[in-house]
Amino acid sequence: MIGNDIIDLHLAGQESNWQRKGYLSKIFTAAEQEMICQASVPSDMVWLLWSCKEAAYKIVNRLTNVRIYNPAKFSCSLPDDQGDTVRGSVLHEAQTYSFISYRNSSCIHTVAVSHDIFLSSIDVYTGGSLPLDLFTNKSLVKNQDGIPYLMNCFTYSPIPVSISHHGNYVGLVQQKAVL
Amino acid sequence: MDKETLITQLKEIVKPYAKNEEALLNINENTDFVNDLKINSANLVDVVLDVEEQFNIVIDNESMERMLNVKSAIEIIEAKLGAQ
């Protein structure tokens, strides 16, 4: 299982005032709020943590088919912050989801997986638009629960895919086709 | 407070965050904040905070979990106001 989330940092700054009273405590754990306070650029930490929660939520939503809004239940740890690439995990109801975040000054793209093993078998795209060859002989379909798949037009085999749009950016992660 | 009044007040609250004007115009009990109004998930917390301020109530995380549509929002607001 995979999930991703992309954030256009410029747009996020316009759309959300994370400094408003009560905002952080509604959606971040005490430990995460501390990470935001300690960060050299607090707003970058807000959106990094937020993208991790969203990416992990998409996996949980795929698994359970239940929609909830309780971001504080998703607890992030970032043991490996290399600046432009951050690795860590999100804990939700005793399940751990590993993630990798790719970031630059204008966007953050986080990809989460249900098992570490998937991290080596995914393709990740980040950019202003999706490469068209991705859809060669494939069509994007959604099942009855709104979960997207890339369907091979010849074999009808579905490849799990997660797509996220925000502002000028789009991010996609797909499981590599089994050969 | 009747349901129509509540929906009118909710409409004003979600207005700055809703990206689908038509769905906002036709807001009703069955309107979904995310699927219909296209409210960004990072702004759902603003809706929750605005509802808290407007109605002078506290929405705990357990209630917030369900606040994804007009129907649930009304149920939560009515329950919190009733408990006061």
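Me: What makes two strands a pair here?
Reply: Two strands pair if DSSP finds at least two bridges between them. The model is predicted.

Me: What is the order of the five-strand sheet in chain A, and how is it paired?
Reply: The order is S6-S10-S9-S8-S7. The sheet is open, and the pairing is antiparallel.

Me: What makes S7(A) and S8(A) a pair?
Reply: Five bridges join S7(A) to strand S8 (residues 148-152) of chain A. Pairing takes at least two bridges, so these strands pair. They run antiparallel. For A:Ser139, the bridge partner in S8(A) is A:Met151.

Me: Why do S6 and S7 of chain A stand at the edges?
Reply: Strand S6 (122-127) and strand S7 (138-142) each have a single partner strand, so one side of each lacks a neighbour in the sheet. Neighbouring strands of this sheet are turned by 25° against each other on average, direction ignored.

Me: Why are H1(B) and H5(B) called roughly perpendicular?
Reply: Helix H1 (residues 3-14) and helix H5 (residues 70-83) of chain B pack at an angle of about 110°. Angles of 65 to 115 degrees count as roughly perpendicular. The two helices are therefore roughly perpendicular to each other. Their axes are 11 Å apart, and H1(B) passes H5(B) in a right-handed crossing.

Me: Which residues make the contact of H1(B) with H5(B)?
Reply: H1(B) brings B:Lys3, B:Leu6, B:Ile7 and B:Leu10. H5(B) brings B:Val70, B:Ala73, B:Ile74 and B:Ile77.

Note on methods:
Residues are numbered from 1 along each chain as its sequence is written. Chains are lettered from A and ligands numbered from 1 in the order in which they are written. This is a predicted model: local features need pLDDT of at least 70, side-chain atom pairs count only at pLDDT 80 or more; totals for chains, interfaces and linings use all residues. Axes are lines fitted to C-alpha atoms, for helices over the stretch in contact, and angles run from 0 to 180 degrees between N-to-C directions. Helices (H or I, at least four residues) and strands (E, at least two) are DSSP runs, numbered from the N terminus. Angles under 35 degrees count as roughly parallel, over 145 as roughly antiparallel, 65 to 115 as roughly perpendicular and the rest as oblique. A crossing is left-handed if the near helix is turned anticlockwise from the far one by less than a right angle, and right-handed if clockwise. Two residues are in contact if their C-beta atoms, placed from the backbone, lie within 7 Å.
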